[in-house]
Amino acid sequence: MVHRNSLFFLLILSLLLVVNCGRKERSLFEEGKKWEMVGEKTKALYYYELSLRENPDYDPVLKRMGLLLAESNQSIATAIFYLEKYHKQKKDDTEVQRELFRLYLTTGYEKEALEILEEIRFQGKKETLEFFETTYLCLTRGFKQKDYLLTLEKSPLSGDPYYAPWVRACETK
């Protein structure tokens, strides 16, 4: 009887530890989001890092860290690290696919950009796929730049503030 009670006690204690740890990583993540929403990116990154110390695979933090760090040219390698780790867990997140594709192309990782393009080919909408394909060709091929640029400019996505820099990158190639 005593043995059964001690096993029950250990089971309850283990369950409480797991639940408590999950709450801590989530509360640190939420604190980071609050700081990010008011433009305090450094503080947000601090809380995201604390959350990752609780759980290095906590996917909401991996995504936010990667996307935040991708905004700085000095942090591209670290951004790719976090976004790739997230992407392994969530293959169908279009926002992360899009950002990884952009980072890969701007850093010369053509093979990795092609892998993302393949994923988009099977998941995405036709206009998105065409835009990604044309961007890839424009930035990696030395011929037909004007044709690619014309196709990008005609795309409905060219007016999107996120994709507009892709068109400009093709213009300057």
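# Close-up views of helix 5 and its surroundings

**View 1. Helix 5 and the helices around it.** The buried residues of helix 5 pack against helix 3 (59-69), helix 4 (76-89), helix 6 (110-123), helix 7 (126-140) and helix 9 (164-172). The model shown is a predicted one. Nine helices and 0 strands make up the secondary structure of the protein chain, giving the pattern α-α-α-α-α-α-α-α-α along the sequence. Of the 173 residues in the protein chain, 38% are buried. Among contacts in the protein chain with a separation of 6 or more, 46% link residues 24 or more positions apart. The protein chain has an accessible surface of about 11,000 Å², and carbon and sulfur atoms account for 57% of that surface.

**View 2. Helix 5 from end to end.** Helix 5 covers residues 94-107, which is 14 residues. At the start of the helix, the backbone nitrogen of Glu95 has a side-chain oxygen of Asp93 within 3.0 Å. Just after the helix comes Gly108, with a positive phi of about 85 degrees. The buried residues of helix 5 are Val96, Gln97, Arg98, Glu99, Leu100, Phe101, Leu103, Tyr104 and Leu105.

View 3. Glu99 and Arg102 form a salt bridge whose closest N and O atoms are 2.5 Å apart. The two residues are 3 residues apart in helix 5, which means that about one helical turn separates them. Glu99 has a relative accessibility of 7% and therefore counts as buried. Arg102 has a relative accessible area of 22% and is partly exposed; the cut-off for buried is under 20%.

**View 4. Val61 in helix 3.** Val61 is a residue of helix 3, in which 9 of the 11 residues are buried. Those buried residues are Asp59, Val61, Leu62, Lys63, Met65, Gly66, Leu67, Leu68 and Leu69. Val61 counts as buried because its relative accessibility is 0%. Apart from neighbours within four places in sequence, Val61 is in contact with Phe29, Tyr48, Ser51 and Leu52. The C-alpha atoms of Val61 and Leu83 are 10.0 Å apart, and the two residues are 22 residues apart in sequence.

View 5. The whole structure holds 15 salt bridges. Side chains of opposite charge can pair when their charged atoms come close. Lys63 belongs to helix 3 and Asp93 to the loop between helix 4 and helix 5, so the pair ties together parts that are 30 residues apart in sequence. Lys63 and Asp93 are both buried.

View 6. Arg121 and Glu133 form a salt bridge, the closest N and O atoms being 2.4 Å apart. Arg121 is in helix 6 and Glu133 in helix 7, so this pair ties together parts that are 12 residues apart in sequence. Arg121, with a relative accessibility of 34%, is partly exposed. Glu133 is also partly exposed, at 24% relative accessible area. Elsewhere, salt bridges with shared partners join Lys63, Asp93 and Glu95 into one network.

**View 7. Aromatic rings.** The structure contains 8 aromatic pairs. In the pair of Tyr104 and Tyr109, the ring centres are 6.3 Å apart and the planes are at 70 degrees, so the pair is edge-to-face. Tyr104 counts as buried because its relative accessibility is 6%, whereas Tyr109, at 43%, counts as partly exposed. One aromatic cluster is formed by Phe101, Phe131, Phe132 and Tyr163. Phe101 is also one of the buried residues of helix 5.

**View 8. Thr135 in helix 7.** Thr135 is located in helix 7. This residue has a relative accessible area of 1% and is therefore buried. Beyond its neighbours within four places in sequence, Thr135 is in contact with Leu105, Leu152 and Trp166. Leu105 is among the buried residues of helix 5, and helix 7 is one of the helices against which the buried residues of helix 5 pack.

Methods:
Residues are numbered from 1 along each chain as its sequence is written. This is a predicted model: local features need pLDDT of at least 70, side-chain atom pairs count only at pLDDT 80 or more; totals for chains, interfaces and linings use all residues. Side-chain values use heavy atoms; hydrogens and water are left out. Helices (H or I, at least four residues) and strands (E, at least two) are DSSP runs, numbered from the N terminus. The expected span of a helix is 1.5 Å times one less than its number of residues. Buried means under 20% relative accessible area, exposed over 50%, partly exposed in between (1.4 Å probe, protein chains only). Contact means heavy atoms within 4.5 Å. A polar contact is a pair of N or O atoms within 3.5 Å; within protein, one must be able to donate a hydrogen and the other to accept it, and residues adjacent in sequence count only if both atoms are side-chain atoms. Rings of Phe, Tyr and Trp (its six-membered ring) pair if their centres lie within 6.5 Å; planes under 30 degrees apart count as stacked, over 60 as edge-to-face and the rest as tilted. Accessible areas come from the Shrake-Rupley method with a 1.4 Å probe; for residues, only the protein chains shown count as cover. A salt bridge is a side-chain nitrogen of Lys or Arg within 4 Å of a carboxyl oxygen of Asp or Glu.
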